[in-house]
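Let's walk through this model together, one piece at a time. Have the sequence and the 3D view open side by side as you read.

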Amino acid sequence: MRATGSVGPAWGWPRLGPRARTAARPAAIAVAVAVAYYVGSRVGFALTVPLMSPSMLWPPNAILAATLLLTPPRQWALYLLAAFPAHLAAQLGTVWPTPLVPVLFVTNCSEALMAAILVRRFAGHGPAVFHSLRTVGIFIVGAGVLAPLVSSYVAAAVVTLLRGDPYWLVWRTRFFANSLTALTLLPALVMVVGRRWSWPGRENQRKALEAAVLWLGLGVVGWSVFEEPIEPSHLDVLLTVPLAFIVPFLVWAAVRLGPTGTSLSLLTVEVLAVWGGVAGRGPFAILPPVENVLSLQVVLIVLAVPLMCLAALIEERQRTRQALEERLRFEEVLSRLSRAFVHLPREDVDRTIDAWLRRLGEHLGVRHITIFQLCGAAKSFVPTHSWAVPPEPAPGLPLPATDDGGSHDLPLLITDSGVLSFGANADGVPWSAAQIAQVRLVAEVFGNALARKQAEDALRLSEAMNAAILSSLTSSVAVLDQRGRVVALNEGWSPLLAGDAAGAGGLGPGASCGDVCRLALGSDSPHVEAAVTGIQSVIDGIEPIFLFEWARDSASLERWFEMAVVPLNRAEGGAVVSLTDVTRRKQMEIEAQRMRQELAHFTRVSAMGELAASLAHELNQPLAGILANAQAAQRFLAAGRPDLDEIRAILADIVSDDRRAGEVIRRLREMLRKTAPSRVPLDLNALIGDVVKMLSSDALIRGLSVVLDFDPKLPPVTGDRVELQQVVLNLLVNAMDAMAGPAVPGRIVVVHTACSGPDSVQVSVQDAGTGVVAGGNIFEPFYTTKADGLGMGLPIARSIIEAHGGRIWVENNSTGGATFHFTLVATLPSVP
Amino acid sequence: MTAARLLVAVVDDEESVRTSLRRLFRAFELDAATFASGQEFLDALPSKPPDCLVLDLQMPGLSGLDVQRRLAAGGIRVPTIIITADDAPETRERCLSAGTAAYLCKPFDDCTLLATIARVVGAAADP
Amino acid sequence: MEPVIVVVDDDASVRRGLRRLLASAGYRVRVFASGRELLAERPPGPPCCLVLDVRMPEQNGLMLHEALVSAGYEGPVVFITGDGEIPLGTRGGSGPSLTVLAKPVDDGDLLEAIRRMMTLPGTTPAA
């Protein structure tokens, strides 16, 4: 396994983002709880009617319960333990006997726990409990009734046991006190602490003003209700009315200020009432202190329950209405968002996405939104668009945790073109299903826009590529559609258009293929028609390709051009015409042809040189005959009485010998000639016969004989006389060379001619020599077994035969020796 | 003494050479018998042995040298003149060592031929 | 410093399963429940491969990967997408250094992807 070098040189784990209030938080909370517990205990003691064992209002339990409702269960033990010293500090040394104190702590804790568990289990936690009727109802039943009820049974029993107070009295007082506290103080604590109140902003200042006015009024009325000493004489009248004056304020609070305001108002009233009641004032002052307090408690409880419910109901309705408004607003935003991307030009897509991310983020109140896309041939997910509330760190770095210590599932929406990733809500509220559904719609709009952009990008890229390819070709390329009209041209046509003196007209899309041909070949060229026909045949699918070469004289030199037409590879058809300047290639071809001819000539010359001896012999025979005849004639004449007939015969013989010598010279000259090859009809038998005559002396010298086996009905072939003679000569010389060794039996070369098919003839030269090496490259240049050979004879023979459209090959004979065969195309007589 | 006309045999596959040489010998007042191949000559030999033999070297079938060897093998002593277009010294050596009396290259002058015939016949006549 | 595969997934049973699977294939594995936990621990040396759950609370897999890439990580990564998500797994496919697999993750697919990406030369430039 490779070393872990899959990182840059400076690898280091990225830094964690700041975590707000991490380990310090629980400790701070615990301290706060303890302090509050202590203070609450003191207050509770202060509000104790003298001689009554339990207090009228017992804050500590509510404080504990509030703590448990606001913090995660795993920290509860910490807070309860933190409260224990406070409890001890508050209660030791008071009226309670020492052994009772821890037990009371246990009962208090149990009440708080019961309340918290019941509420958490069925209604949730945090301020949200008071925002709906159902959960408030559960709270009232659980925390307001059941918990105090059950714990009071136990507590009263303990107190009775240890202090001897009357059981039911203790129970009743404790129950009502705790119930009242749970119904008023507990909600207030939860909502105030749980909402992290900040100073109200401008839009809330009106509400704050209203709240202030309300509170003032409440205070005034409450003071007058509960604190003014009551004249016994005004008992009946002033008893109930001032108390009733509280109610409008409280209802006002319930309707306008929500559960928080309601519970705070109730708390205020309660404090005033209890304080007055404990001091013997208030509407129930005529009653004994205990009953006074009890009446106050009952009145307050009876007021609190429906008012809390009312506040919760109104809050719930308001929230629903708000949610609906919000939903409608969002729908509008969504539709504007969709419209924004319709027909959006490609360049604007990114900008629009960024703008809308910002709007979306502000609307949803999230901290950041990022779009990741797969980039670089699936190399990584890259954040391509992102928005964040400043000064947010870049997406990716871990974000601060939410305040309740837990974590929310952050929406992550995956579409085909990318991933939309949302940050946490600014107020730490978990994402609701409705919100997630909303952002899913948004994500689809973004996804579609991105997908369209990607598709357009890909299209542009491929179009740009095609255009680049077309323009970079050095040939002139024209693309025609199935009707022969020009669809596209590349820049190679510009020089042609510029130099088009004959004015074939401009060449643009829509021009016909005739225009193309006229421009390419020149308007005066006789080949235009043929070219157009060729192009049309490709378009129609008759021919798979059309190639056409022509020469065009320009001022300085002759140029060669080639037109290649191939079908256009698409369903609708069409053709691609490409025009290439092949001057160079043609020049090289011509040059190569010239060199081949030079070489053939050179080989012929050297072959002739090798035959010099036999040529000399050939010439010598007629010369000897001429000399002898002439000298004989001279003698006859010198002897007098010449026989004139004899002299005539002598002279005739001399002439014929001379002619024979002249033939030899002619044949030699023919072989040594260096002219361009011509194509004429030839009689192969006669041609071969001539060559054999040339070689007859040589054969004689070597002691070989050449046998001719000709097909008398051999059809004529078309070719160059000298070149074919060269081939036959080469083959015969090779055959004779093969039998050069001594003691080769049957020193015969046989030349066969025959028809080898309806339109071809075959010539075979058979020797009785050593045969050829199998698998050898006998037709390759410079391959020779002769010590002084050049090895070019057979390659040249092959190129000549192949240029004549034939084939040449060699086979070993079963009887020894080899046979060289070649075929040529027979010239069939034209059918009349 | 009356010189009987000498009989000269000419063996050459070339028709024109035979014809011209026959004419030439007639002009020399020599009798000439011409043969187209060595085999023809050997067949006709017993009936009429010539006084001199003019022999072409390069012939199909029996070459000049072959004829000469046959004659030697048969113990027939006929002075032989080889005529040929081949001028190579080795050939000349070979012929002379095979018993050729004279070696002439074509084309040859008539006086040269006559003189050669006289010489070889004269040499053969002397014991 | 031995190469380590780092797995981040918020589901404890998935973490256990992946750790067992990769350990049984012979790799050294470290598992974490969240990006925060990983960065808090700061294991020594960079990982040789990452296996990240895409959907996690607080910080999803993509963001975590982005953070590591910004810090210099260039190695391969396997993203695991959850049930029902529009198939990035099928469309995202895999490249030389990135594979997307859909839950439930096939053992063989995961091991094959890791093996392939870690032995490709292009993904591990010399440090």
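Strand S13 (residues 748–757) of chain A and strand S14 (residues 760–766) of chain A run antiparallel and are joined by seven bridges. Two residues lie between S13(A) and S14(A), and the pair forms a hairpin. S14(A) is also joined by seven bridges to strand S16 (residues 818–825) of chain A, again in an antiparallel arrangement. There, A:Val761 sits opposite A:Leu824 of S16(A). As you look along these strands, remember that side chains in a regular strand alternate between the two faces of the sheet.

A word on bookkeeping: residues are numbered from 1 along each chain as its sequence is written, while chains are lettered from A and ligands numbered from 1 in the order in which they are written. This is a predicted model, where local features need pLDDT of at least 70, side-chain atom pairs count only at pLDDT 80 or more, and totals for chains, interfaces and linings use all residues.

So how confident is the predictor about chain A? On pLDDT, the predictor's per-residue confidence from 0 to 100, chain A averages 79, with 84% of the residues at 70 or above. Residues 1–8 of chain A stay under 50, and the model gives them 24 contacts beyond four places in sequence; a contact here means C-beta atoms, placed from the backbone, within 7 Å. Residues 398–407 of chain A are also below 50, with 30 contacts beyond near neighbours in sequence. Where pLDDT is low, the predicted coordinates should not be read in detail.

Now for where chains A and B meet. Chain A puts 21 residues into the contact and chain B puts in 17. On the chain A side, the elements giving two or more residues are helix H16 (612–638), helix H17 (644–672) and helix H18 (684–702). H16(A) gives the most, with 15 residues.

Finally, chain C has five helices and five strands, running β-α-β-α-β-α-β-α-β-α from the N terminus on. Among its contacts between residues at least 6 apart in sequence, 54% join residues at least 24 apart.

How values were computed
Helices (H or I, at least four residues) and strands (E, at least two) are DSSP runs, numbered from the N terminus. Two residues are in contact if their C-beta atoms, placed from the backbone, lie within 7 Å. Two strands pair if DSSP finds at least two bridges between them.
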